[in-house]
Amino acid sequence: MGPGCGAQLPLSLLLQAAVLAVALAEGALPAFLPCELNAPGQVNCEWLFLTSVPVFPASAPLGNVTSLSLRCNRIRHLHLRDFEHLSSLRQLDLKWNCPPSSLSIMQWSCHMTIEHGTFLAVPTLEVLNLSYNNITTMPALPSTLTHLILSRTNILAIGPTTFEGLHALSHLYMDGNCYYKNPCGRAVQVAPGALLGLANLTYLSLKYNNLTVVPRHLPPSLQSLLLSYNRIVSLGPDDLANLTALRVLDVGGNCRRCDHARNPCVECPKGFPNLHPDTFSHLSHLEGLVLSDSSLYNLSTSWFRGLGNLSVLDLSENFLYECITHTRAFQGLRKLRKLNLSFNYHKGVSYAHLRLSPSFGSLLSLRQLDMTGIFFRSLDKDTLRPLTHLPELQNLTLQMNFINKAELSLFREFPSLRHVDLSNNRISGASGPPMASTAGADAGEEVWQPPGRLAPGPQDAPSSGDFKLSCENFSFSLDLSRNNLMTVQSEMFTGLSRLQCLQLSHNSISQAVNGSQFVPLTSLQVLDLSYNKLDLYHGSSFTELPRLRALDLSYNSQPFSMQGVGHNLSFVAQLPALRVLSLAHNGIHSRVSPELRSASLQALDFSGNVLNSMWKEGDMYLHFFRGLRQLAELDLSQNRLHAVLPHILDNFPKSLRVLRLRDNYLAFFNWSSLTLLPKLEELDLAGNQLKALTNGSLPAGTGLQRLDFSRNIISFVARGFFAPAMRLRELNLSANALKTVEPSWFGSLVANLSVLDVSANPLHCACGASFVDFLLEVQAAVPGLSSRVKCGSPGQLQGRSIFAQDLRLCLDEALSWGCFGLSLLAVALGLAVPLLQQLCGWDLWYCFHLGLAWLPRPGRRRGADAPSYDAFVVFDKSQGAVADWVYNELRVRLEERRGRRALRLCLEERDWLPGKTLFENLWTSVYSSRKTLFVLARTDRVSGFLRASFLLAQQRLLEDRKDVVVLVILSPDARRSRYVRLRQRLCRRSVLHWPHQPRGQGSFWAQLGVALTRDNHHFYNRNFCRGPTTAE
């Protein structure tokens, strides 16, 4: 029993506990708290920092749970009864709960304890993952297990009884139990015949275990055997005896090439590896063989004898740079489909030419050939001549070879070729006819290449990845990205008329394209020219490509940053098949064509430009997108936009379905203007500066289906704001400043929502918070409700799940503070009154009555002549921003948040009497108010209503000698009129400016309160005058 077990709880808490118990019984709360139910039967408890296996309530459908993931927690002890209630569990993932100290980020020592019989209590278990846990012995396991993962543990020995009884086991993973990241000082011991009893074992992985020999007497049922990155330097027929069913064999990395290693490496002993000629001859069913990183200099034809079914061969990271020019080892591999020869370079040497061996011509089934990193500088017809007659060759990779001369026309002789990758080379332009050469590999110049720079690093995702069309779907594509191209000449592409996708990104192309660069490419449909320096000066650019469907011109910002240089975008109208265009991240701000026109364009990416500056140039770019008649998707993210006004939306294509305005500076949006885009289905306003969703609501009848307001600073949503959008299905309100989620925001729409994301908001988890009940009603639509929807207050619950609240701590804060204050006051009075009465009773009686005489009497403040209002607010209703500020800022601050000092304002739409004329209401408002408050956006031009109100206030000054004018200017940068400047000289405290910085708003409201409650004659500058009320 815990502390305080016998304490009496208040009646209110007992009632709350009863309600919660009923909710639990009815299944209102998520059934598997604190975990989530991702799919029927799949419970996810990842990254919850659990220290023990959670106990789910009896009302949860425990019998339906088939998969439980507890990975990445802090569970160090597994008890006997942790899983016995999960009668149908088939998959259990306990990865990375108590890792070995060497694998722990903080190098903490940890040891996982598993009680005997823990897993035997789950007789249906089939998949168990115990990887990345510090366990040294094998726990007792059920006989139903088919997949067992014990990688990165400290199990260093496998004996005859280790897997006893696991007759159904088909996959066993024991990788990384002894290597440089998880050192043990010796090799993992596998006793001969220890695995022979696993009659159904088909997959065995023992990588990174410091093994020096292949384990003896492996089960003959094995189909995949992975022994890479051990220390097995010799292989003979006896090592793989009886494995006649083997289909995949990986023995790479056992005798390593250390000059190309990316991690700690042990040099291969001299004279090794030692591969017997008949090592693989009896493996007639072998389909995949990995001999990478094995320090091979030559290939023996006997190694591949009998491997007629071999389809994948990995020979990467060896020393086969000369062998591939004369070897005959490939002659019998007629079913080989994938061959990897990458990084078989000669250390410090770059060859002038490379000639492949004629035996490559016998690979009639070859589909993929990887020749990355062999280092030869010239690519011509003789280089790949043996490959020209391969009927099924589809993918050819020639990355990182330092090729500076490439005869691209040679690829027209490959009838089935689909993709050629020549990226990360040094190609600078078209190459002439190749020079005759008879040498297999000419002696080349020696170059020093640091080992760390030879491996291909992570490459940027191509910007064309966002296109609707990708190169994977085309019959022939060519990748020339990351080369040294400075110009593009049509001679480069001679004979490549069937090319459909061309990638030229990350070069240095700086020419002005004029419609002659790609003439031979009559079938080209996708062109990627991102990350270059293209000059779009000519109106005929790319017009030689009649079938072009996707064009990426993003990240070509240098020409657009040049002052005084114009750019012509009229070529878009001359591309009849163009569907997708990217002009993103070019910094486009001026001197471009005033309008884009296209009858076919459907998607335009204009993000990362300066559209805000373009729209400031009057009407010059107002119709910039209007000519795109079929445009369905428009991305205007990161354009420094502060507002998108209705007249701008009215000039967008009416066919628009998706509009993205992410990462701008929008603090206001006119929601009613969405009716100007009748087909709009998705609006993305993430990453802006919206503070509240007010100013009306979404327009009725809108077709919006997806709304994204994430990463704003929204703290308030108006009642019924989303209700009119009856087609809305996905709403993202994550990462804002919401303290609650109210059902009144949605109305009847809430039943249609499929996604409602409110994660990363500082929700206020007070007792009886209404949002908890609402989120439980729609929990199927709320992603991460159990783990990612967290409290922001009160302090003791900050950062915790909204369901983590303890009933004993669930107290009404207001009631608690009130009771505390009353009890403190009672104690203080009980002590002070008798003491003071004894010491100075008569003095206290006198002071009490004296103070009572000074107290104001009821009705004293407002007499018969007192004005009805404290201030009459005058503003221009046609200015939406001013009206929004008056109703949502000024009115709330002065009438609702001042408490007893609240002021009464006279507002035209609320307080004027219907039936009276405009002038009668105006006269009554001015003369019935203590002050007349003018709220102005600018002072140099005012409407007639403002002018009439000002004249009446001036008339009152002449008649009653009372200055009642107070000015509030919302735009301090606006030009001030002569009257305002004069008034600032005479009566400065009656002219107030709305501060731009939030920290100055508190001072503004204090000054405005003083200006409205005190007479203006107190504010006049005595150096100029005495004020109207004192001049008598």
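Guide: A residue is buried if its relative accessible area is under 20%, exposed if over 50%, and partly exposed in between (1.4 Å probe, protein chains only). This is a predicted model, in which local features need pLDDT of at least 70 and side-chain atom pairs count only at pLDDT 80 or more, whereas totals for chains, interfaces and linings use all residues. Residues are numbered from 1 along each chain as its sequence is written, and side-chain values use heavy atoms, leaving out hydrogens and water.

Visitor: What share of the residues in the protein is buried?

Guide: The protein exposes about 49200 Å², of which carbon and sulfur atoms supply 53%; these areas come from the Shrake-Rupley method with a 1.4 Å probe, and for residues only the protein chains shown count as cover. Of the 1032 residues in the protein, the buried share is 48%.

Visitor: How many strands does the secondary structure of the protein contain?

Guide: Helices (H or I, at least four residues) and strands (E, at least two) are DSSP runs, numbered from the N terminus. The protein has 12 helices, and its strands number 49.

Visitor: Among contacts between residues at least 6 apart in sequence, what percentage joins residues at least 24 apart?

Guide: Contact means heavy atoms within 4.5 Å. Among the contacts between residues at least 6 apart in sequence, those joining residues at least 24 apart make up 67%.

Visitor: Which strands do the buried residues of α5 pack against?

Guide: The buried residues in α5 are F771, V772, F774, L775 and L776. They pack against β42 (755-757) and β43 (763-764).

Visitor: How many residues does the second, separate core have?

Guide: Within the largest core, F542 is among the residues with the most contacts. Its partners beyond four places in sequence include V513, F518, L551 and F571. The second core is separate and includes V882, L894, L933 and W994; its residues number 27.

Visitor: Why is the ring pair of W745 and F746 tilted?

Guide: Rings of Phe, Tyr and Trp (its six-membered ring) pair if their centres lie within 6.5 Å; planes under 30 degrees apart count as stacked, over 60 as edge-to-face and the rest as tilted. By this rule there are 44 aromatic pairs, among them the edge-to-face pair of Y621 and F624, at 6.1 Å centre to centre and 75° between the planes. W745 is buried at a relative accessible area of 4%, and F746 is buried at 0%. The ring centres of W745 and F746 are 6.1 Å apart and the pair is tilted because the angle between the planes is 50°.

Visitor: At what distance from the ring centre does R257 lie over the face of Y345?

Guide: A charge sits over a ring if NZ of Lys or CZ of Arg is within 6 Å of the ring centre and within 35 degrees of the ring normal. The charged end of R956 sits over the ring of Y927, 5.8 Å from its centre. For R257 over Y345, the distance is 3.9 Å.

Visitor: Which residue has a side chain joined to that of S205 by a polar contact?

Guide: S205 lies in strand β12 (residues 203-205) and is buried at a relative accessible area of 1%. A polar contact is a pair of N or O atoms within 3.5 Å; within protein, one must be able to donate a hydrogen and the other to accept it, and residues adjacent in sequence count only if both atoms are side-chain atoms. At 2.5 Å, the side chain of S205 makes such a contact with that of D175.

Visitor: Is Q705 buried or partly exposed?

Guide: L698 is in the loop between β38 (692-693) and β39 (706-708), where Q705 is also found. L698 is buried at 1% relative accessibility, and its contacts include W671, F721 and F722. Q705 touches E681, R727, L728, R729 and E730, not counting residues up to four places away in sequence. With a relative accessible area of 26%, Q705 is partly exposed.

Terms used:
Core = buried A, V, L, I, M, F, W, Y, C linked by side-chain atoms within 4.5 Å.
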